[in-house]
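Have a look at the fold before reading on.

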Amino acid sequence: MRITSTSCICPVLVCLCFVQRCYGAAHHGSIKVTRNQTKHIEGETEVHHRPKRGWVWNQFFVLEEHMGPDPQYVGKLHSNSDKGDGSVKYILTGEGAGTIFIIDDTTGDIHSTKSLDREQKTHYVLHAQAIDRRTNKPLEPESEFIIKVQDINDNAPKFTDGPYIVTVPEMSEMGTSVLQVTATDADDPTYGNSARVVYSILQGQPYFSVDPKTGVIRTALHNMDREAREHYSVVIQAKDMAGQVGGLSGSTTVNITLTDVNDNPPRFPQKHYQLYVPESAQVGSAVGKIKANDADTGSNADMKYTIINGDGSGVFSISTDKETREGIISLKKPLNYEKKKSYTLNIEGANTHLDFRFSHLGPFKDVTMLKIIVGDVDEPPLFTMPSYVMEVYENAKIGTAVGTVTAQDPDTANSLVRYFIDHNTEEDRYFTIDANTGTIKTAKIFDREETPWYNITVAASEIDNPELVSHVQVGVRILDINDNPPELAREYDAVVCENAKPGQVIQTITATDKDNSANGARFHFSLDEGLSLNPNFTLRDNEDNTASILTRRRRYSRTTQDTYYLPVLISDGGVPPLSSSSTLTIRVCACEKDGRVRTCHAEAFLSSAGLSTGALIAILLCVVILLAIVVLFITLRRSKKEPLIISEEDVRENVVTYDDEGGGEEDTEAFDITALRNPSAAEELKYRRDVRPEVKPVLRHHASSSLDSIDVQEFIKQRLAEADLDPSVPPYDSLQTYAYEGHRSEAGSISSLDSATTHSDQDYNYLGDWGPEFKKLAELYGEIESERTT
């Protein structure tokens, strides 16, 4: 089967179609299709043959955006098996089959029923097959082919990022790059010139230009000045078909702003200024403003103002307001119209951020002259001093003159002044002032010890204009007189020990005086001379404003007298001197040998240790508990059994083995070891009374006389033999345990059995050297040895 298309508009495709037809004619117009044939011969493997298609086909092409009334013809399918009798049926499957593309199943003609858009889908993949119409069996294998949508110029270029906003510095050189714009065209860039874009400028000349291929926008003029024009709107066009006639185009707007550079120096609008300042202006206050204009903006317009010369440079100062870029003129010193009526200042304004590329446009500073006129103002009276300090004694009578304040009218009129005191506080009521002379007098009696200093405010006003008032601070110091006697600095708690010795210092006292140091710095101490000589205590003046209290005799007793009262006379060194008498209380206390006080109360003798009642109760409880423990211990000791060893001579070891829990080591009733210790004391063999023996008892092999020398081991064997042959024993196994220690060793026996009756030459004196743990053992063996010796 071959595929033919009448829509081959490309010369190459026409050639391909021609070649196809020629190739088919050379082979008598048909190519037979043979499928993969497989022969299954025994002993041979399967052989695959490459199939030969019975049709020749190529790609189909269909124009996009077809707007005709009839379906668009795409191409034709033809099989070599088709004899033209209608027995061959053509089937089309794949993308768009039956909806977009339809086929005539008899002729194989393919048509497109819809208008296609290449920008949405560039090609379609379909499958074609020829089958027998009667049997529905395929005549040839299914084959795949592609229908490509052929592009036409139906999409205009677009600027996806527009409109644009960009800046460029003013005064830039010609050709400075500003921005690169890019337009995209949805048409096929591989087919024709549909997607070949060319850029041009529609608006913005002669200031800017655009590269037709790259879309780079550049400046087209020298020294573009922002101060002349700041904003530009440039329109850029992109046209496809390489800019030829009939091409589609799109445009965008580029908003270009020139940024500022410091290319303009500051300039004062005037070369001479005049400023009026009243003489009453406060120091530190702003009295005027001045400004130099700068066409630049931002930091390029920042400037600094300075006073470069003039007779007012020491009276006025200037600073820069960074917000408004103005020069603020302030007053440094007070003005006086009567002394100086005008000042001249030369003020300079200069840029702080310079651009040396434009230094040829400078200098970037300007100077102007400012004349300041001082205005005459009716001023309040002026005191001769900024503040006053006066003094008065505390015993001054009411109406005593303290001092005088003076104020004058600074104006030319020299008006009379009136004085008064602002009675805003209680301190101001202690004084009065003469309204005409300004003399200050006392109005109350003072007490320096209560208030040593007074601060008052004196006001002065002109008689002609009472509203103009000035004030001054007056401090009055109250001078001291000796009007307070000295007294003890505090309440002293003096103590004397019962075992004190004569001449012993028991207390050091000091005094205080409310008067200042001039009237009370030196104190004198003594006993009251009007009283008889004190036999118990005496006083010694240390001449350093302190005094010592000393004992006059030996031994003091609390039972006889526990408290003494000592009158002390204290005088100061003022003029005239003042004195006072104070009583010092001295308590008698019991002290330790090192002088520490133990107790000072007579009822404390019941507790010589100086313990509190709670401590005594705790000690008594502890004593009672200890006594109860001792009584309980003695009772338990008496309730115990008598020990096995009742004499020091009966010293032996008792080895008892039993399975039940008895009375401990002292329980010897469970087993009698007399037979082991003295075999001769063993009883005769006894038989059971409830069973009659069937055989005669076995006679003992040795007489009783020979038991004295028999060995314990032989004795145990003998008893074992008797137990084995005795028919009267119980019908069960009986375990008899004997404490046998074996034969004697060459070193002798270490057992204590028979030690009471055995004489030994062993010396036990070394036990005394073993320490307190063996003290009892050493005493025991020492007494036994002494008895043996005796």
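Predicted model: local features only at pLDDT ≥ 70, side-chain atom pairs only at ≥ 80, totals over all residues.

A residue counts as buried here when its relative accessible area is under 20%, and as exposed when that value is over 50%.

**Overall picture**

On the secondary-structure side, you get five helices and 40 strands. Take the contacts between residues at least 6 apart in sequence: 66% of them link residues at least 24 apart. The surface comes to about 49,900 Å², with carbon and sulfur atoms supplying 53% of it.

**The largest nonpolar core**

This core contains 23 residues, and Phe 383, Val 405, Phe 431, Ile 440, Val 458 and Val 474 have the most contacts inside it. Strands that give two or more residues to it include S24 (387–393), S30 (453–462) and S31 (469–479). If you zoom in on Val 405 and skip residues up to four places away in sequence, its contacts include Phe 383, Met 390, Ile 440, Val 458 and Val 474.

**Helix H4**

H4 covers residues 712–725, so 14 residues, by the DSSP assignment. From first C-alpha to last it reaches 20 Å, close to the 20 Å expected at 1.5 Å a residue. Which of its residues are buried? They are Phe 715, Ile 716, Gln 718, Arg 719 and Glu 722. These sit on the same side of H4 because they cover an arc of only 160° around the axis.

Most residues other than glycine have a negative phi, and most peptide bonds are trans. The table lists some exceptions.

| Site | Feature | Value |
|---|---|---|
| Gln 205 to Pro 206 | cis peptide bond | omega about 5° |
| Gly 362 to Pro 363 | cis peptide bond | omega near 10° |
| Met 171 | positive phi | phi about 60° |
| Met 241 | positive phi | phi about 55° |

As for where they are, Pro 206 lies in the loop between strands S11 (198–203) and S12 (208–210), while Pro 363 is in the loop between S21 (342–351) and S22 (365–375). Met 171 belongs to the loop between S9 (164–169) and S10 (177–180). Met 241 is in the loop between S14 (231–239) and S15 (249–259), and its relative accessible area of 22% makes it partly exposed.

**One more loop residue**

Asp 513 is in the loop between S34 (505–512) and S35 (524–527). Is Asp 513 buried or exposed? Its relative accessible area is 12%, so Asp 513 is buried.

Conventions: Residues numbered from 1 in each chain as written. Heavy atoms only, no water. Helix = DSSP H or I, 4+ residues; strand = E, 2+ residues; numbered from the N terminus. Buried < 20%, exposed > 50% of the residue type's maximum accessible area, 1.4 Å probe, protein only. Core = buried A, V, L, I, M, F, W, Y, C linked by side-chain atoms within 4.5 Å. Contact = heavy atoms within 4.5 Å. Areas by Shrake-Rupley, 256 points an atom, 1.4 Å probe, with all protein chains shown as cover. Expected span 1.5 Å × (residues − 1). Arc of directions from axis to C-beta.
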